[in-house]
Amino acid sequence: MAKRKKKKSSGGLWLSHTLKALWIGFVLIIISSFLYVFAIKGDWFGLFGGMPSVKALENPENELASELYSADKVLLGIYYRPNSNRTPAQYQDLSPNLIQALTAIEDIRFNQHSGIDPKGIIRAVVGVLTFNRKGGGSTLSQQIAKNLFNTRQEDFDGSLLKRIKNNDIKTLIQKSKEWIIAVELEKNFTKEEIMAMYLNTVDFGGNTFGINLASRTFFNTTPDSLAIQEAAVLVGLVQAPSYFNPVRNPENSKRKRNIVLGQMEKYQFITKTMLDSLVNLPIGIDYEIQNQNVGLATYFRTVTGNFLRDWAVDNDHDLYGDGLKIYTTIDSRLQKYAEEAMSEQMKRLQAHFMEHLEGRQPWIDENKKVIPKFLESRMHASPHYRRLKKRYEDHPDSIEIVLNLPKRMTVFSWDGDIDTVMSSMDSLSYYKHFLQSGFIAMDPNTGHIKAWVGGIDHKYFKYDHVKYGRRQPGSTFKPIVYATAIENGYSPCYTLMDAKVTFDIPGNKKWTPQNAGGKYTGKEMTIRKAMANSVNSITAKMMQKVGPSEVVKMAKRLGIQSELEAVPALCLGVNDVSLFELVGAYSTFVNKGTHITPFFITRIEDKNGNILQEFPPKTFEAINEETAYIMLHMLKGALEEEGGAALGLSYEVKVGNEIGAKTGTTQNASDGWFIGITKDLAAGAWVGGDDRSIHFRNWVSGQGSRTARPIWNRFMEMVYADEQTHITKGPFPRPIRKLSVEINCDQYDDLSNVSDSLEVETPVIIINPDDIR
C-alpha cells in the first residue's frame, strides 16, 4: 500500500512564506537602495539636484587666502575675501594632540570606516527615535562633503527637493548625498589627506577658517605646536563657533574643552592623571584678530597688496582665492626693530610736541598765526563729508549738525586705544595734532628692501609715508648736487667762500638763498665741509657751476622719478620726493655707482609651490665707481667734519664703523629727514605733520637731527646688537683703481665753526619753483 504524502502543517507554511517574503523584501530593499543611490548620484529627471563632478571630487576647489612671507620665512600676512580667510596646513604640520582630540570627539572610528560609519548611523537613528540626540552619525568625510561642496545650499536642490516640505525627508536626501561624496573622497584621498582637508575647511567663527588661522588667532601659535588643552579648545569650538567661543563665552569654551579631554581619556589618548590636571587649567588664550592692522609690516602689506592686485589681473590669477605664496625681501627681525625704533621716538616726540604747543593749535601760517577755517577745509575734502553732502543735498545745515554731533568712538593714543565720545570735527582736530613718520631700510648691494614702516599706526593712519608720501627733501637733496659736481671733476677739497650768491631768474627777478639766520661767514671751506654742515650758499654756488639741468639728469639716474624743476632752488630740495626714492638714490653710492631699483618681492608661487614669476633686480650704471666712492667720502663728513649733522649718533653705532649721512629740515621745520648709509644698509626716516602747516613753532625742535635721526640711530643700535641679522660694522669697500682726485682735505679746512651749535643745521627755505623759473 502506497504511503500517503505528509501534509505540511499550517505553521510550517506560514514560516516558509514569511521567510520567502522577507527574502524578497530584502532583495527589493537592496535593489531600491541601489536605485535610490544611483538616482541621487545621477540626478534622475532633475529631481534631486546636482552632485560634484568626479573632477571636482578629485580636485576639490576651495578659495584659499594668499600668503605673504618675509625673506626669513616668517608669515607676514594674508590676502583673502570675507568668509574665505583660510590658509592650508599639511598633515605633517598638525600636532598629534590635535589629531587625537578631533578623532576622540568627532570620529573615533575614522581609521576603520570608508566614509560611512554604520555604528554612528545606528546611534544617530536611535537618538532620533528616543529623542536623545547626544551624538551625530556624520564622519569627518561627510562633514567635509557638507563644508567643502555646500551640499545643503539651494544650488544642489532638484525639483523634488524644492517641493518637499518635510524637513526630515529633505535632510535624508541631503545626508545621502554627503554619504556618496564621503565614499568618493575616501577613494581619492588618504586618511591623512582627509584629516588635513577637514581641518583646513572648517569654520572656527569670526571669519576664521582653517586650523592655521585658528591657531594664530586664538593661541598665537602654529598647528604643530598646539598643546593638548589648546587643541581641545579648538576642536570643541568647531561644533558651535559662537557658543563655544573662548573670547565671548569662556565658561562654555572651558566646559566643552573638558568634554573633549574626557573623550581623549576615554579612548586612552591621555591618562586619567593628565585629565585631572588639564581640566583645571584656564583657557589661556592669546587672542589677536588677524587683519591688515595687526602684526608686522602692516603698511608694507598694504603697499604690496596694491602691487599684487594689478599683477594678479595681468596674469589671470585671483589674489584672494588662489592660495598664492608671495616671498618678499623683508627681514622680519629688521622690520621688528624698525617698528620699535619708530614707536619709541615718535611716542617721545609726540609728548614733547604737545607740551611745546601749550594747548595751542598746531596748524599755523608763515607768521605763526593759527590758520582760520583749517579744520573745515580739511573736513570738506574728506570722503565722509562728500557722503554727507550727497545724503543731505537739500539740507546743508544738517551736515554741520551731523559733523558736530558727539558719538562714541575709539581713538588712537601712544598709551593705547581710548574709548571716548567725540564729534567728527573733534576727532579730526584730535588726529591732526599727531606727528607722522616713515622709515625704510634696504640692502644697497642687492636692492632688497629689509624694513618698511609707512606710519605710526596702520589702524588709524592708513597713508603710507614711504612710497606714496612726497615732501620737500630739503638738505637731503644736496648730495645729488654734489654728486653732479664730483662727476664733473670737482674734488671734495675744492673750496668756495661762504658768501651771498644771487641768481638771475626769468621775469627780471633775482633769488638769493639764505644761510641759518641770514648769516655768511665769509670764509673759504671745502665742499665736503660745506655739505657736512649743510651750508646753503656753497650748495647754491655749486648749482650755479654745474647747472640745474645737469642736477635733474643726475637725480633721474639715481632713481628719483618724481617731477623735478630745473631751477636754481632745486639745490635746496624744493621739489617733493618720496623717502623710497631718496634712500634708493643714496644706496647707489654704496653699490659702486650701480643703481638698483629698490624692490620687495622675489618670487610668487601657486598653491602647489610652482613658481609663477621671479623678480630679478633692475640695475644700471648710474655713475662710475670713483664718483660713487668719493660721494661716500663726502657723506662721511657728517661724522668727521666739525659741526657735522651726524655727530650725535650713539657710540654703539659709530665705533668701528664707517657711516655716510645727511639730515634735512625744511622751512618752519615742516619736514625732518635723516638718510644714513653703511656698507650693509641704506636707511632713511622722515618726520612731519599730516599737513605742512603742522609743525613745531620753533625750528630747532623740529630739525631732522632731532626728529628723524633718533629713529635711524635706534634702529641701527638694535640691528648691530643682534648677531642673527648678520649685519656688521666696518668700512665701505675701497675702489680697485687709484682715485684721480684728492680727497684728503685737512690742509684746506680753516673754517672753525660754521653753525652756532653742532646740533643745528642750516634750514632750507621752502620756495615755489614757479616763482624762480
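**Figure 1. Overview of the predicted protein chain.** Of the 773 residues of the protein chain, 52% count as buried, where buried means under 20% relative accessible area, exposed over 50% and partly exposed in between (1.4 Å probe, protein chains only). The model is predicted, with local features requiring pLDDT of at least 70 and side-chain atom pairs counted only at pLDDT 80 or more, while totals for chains, interfaces and linings use all residues. Residues are numbered from 1 along each chain as its sequence is written, and side-chain values use heavy atoms, with hydrogens and water left out. The protein chain contains 28 helices and 20 strands; these are DSSP runs numbered from the N terminus, helices being H or I of at least four residues and strands E of at least two. Among contacts with a separation of 6 or more in the protein chain, 72% come from residues 24 or more positions apart, a contact being heavy atoms within 4.5 Å.

Figure 2. Helix α9 (residues 211-219) is largely enclosed by the rest of the structure, because nine of its nine residues are buried. These buried residues include Asn 212, Ser 215, Arg 216 and Thr 217 as well as Phe 218 and Phe 219. The buried residues of α9 pack against β2 (75-79), α3 (96-106), α8 (191-201) and α10 (228-239). Just after α9, Asn 220 adopts a positive phi of about 50°. Thr 221 lies in the loop between α9 and α10, and its relative accessibility of 17% is why Thr 221 counts as buried. With residues up to four places away in sequence not counted, Thr 221 touches Ser 215, Arg 216 and Leu 226.

Figure 3. Strand β1 (residues 66-69) pairs with β2 in the antiparallel sense over four bridges, and Leu 68 has Gly 77 of β2 as its bridge partner.

**Figure 4. The crossing of helices α3 and α11.** The axes of α3 and helix α11 (residues 250-266) come within 8 Å and cross at roughly 90°; axes are lines fitted to C-alpha atoms, for helices over the stretch in contact, and angles run from 0 to 180 degrees between N-to-C directions. The two helices α3 and α11 are therefore roughly perpendicular to each other, given that angles under 35 degrees count as roughly parallel, over 145 as roughly antiparallel, 65 to 115 as roughly perpendicular and the rest as oblique. On α3 the contact is made by Asn 97, Gln 100, Ala 101, Ala 104 and Ile 105, and on α11 by Ile 259, Val 260, Gln 263 and Met 264. By class, this contact of α3 with α11 has six nonpolar, three polar and no charged residues; Ala, Val, Leu, Ile, Met, Phe, Trp, Tyr, Cys and Pro count as nonpolar, Asp, Glu, Lys and Arg as charged, and the others, Gly among them, as polar.

Definitions and conventions: Two strands pair if DSSP finds at least two bridges between them.
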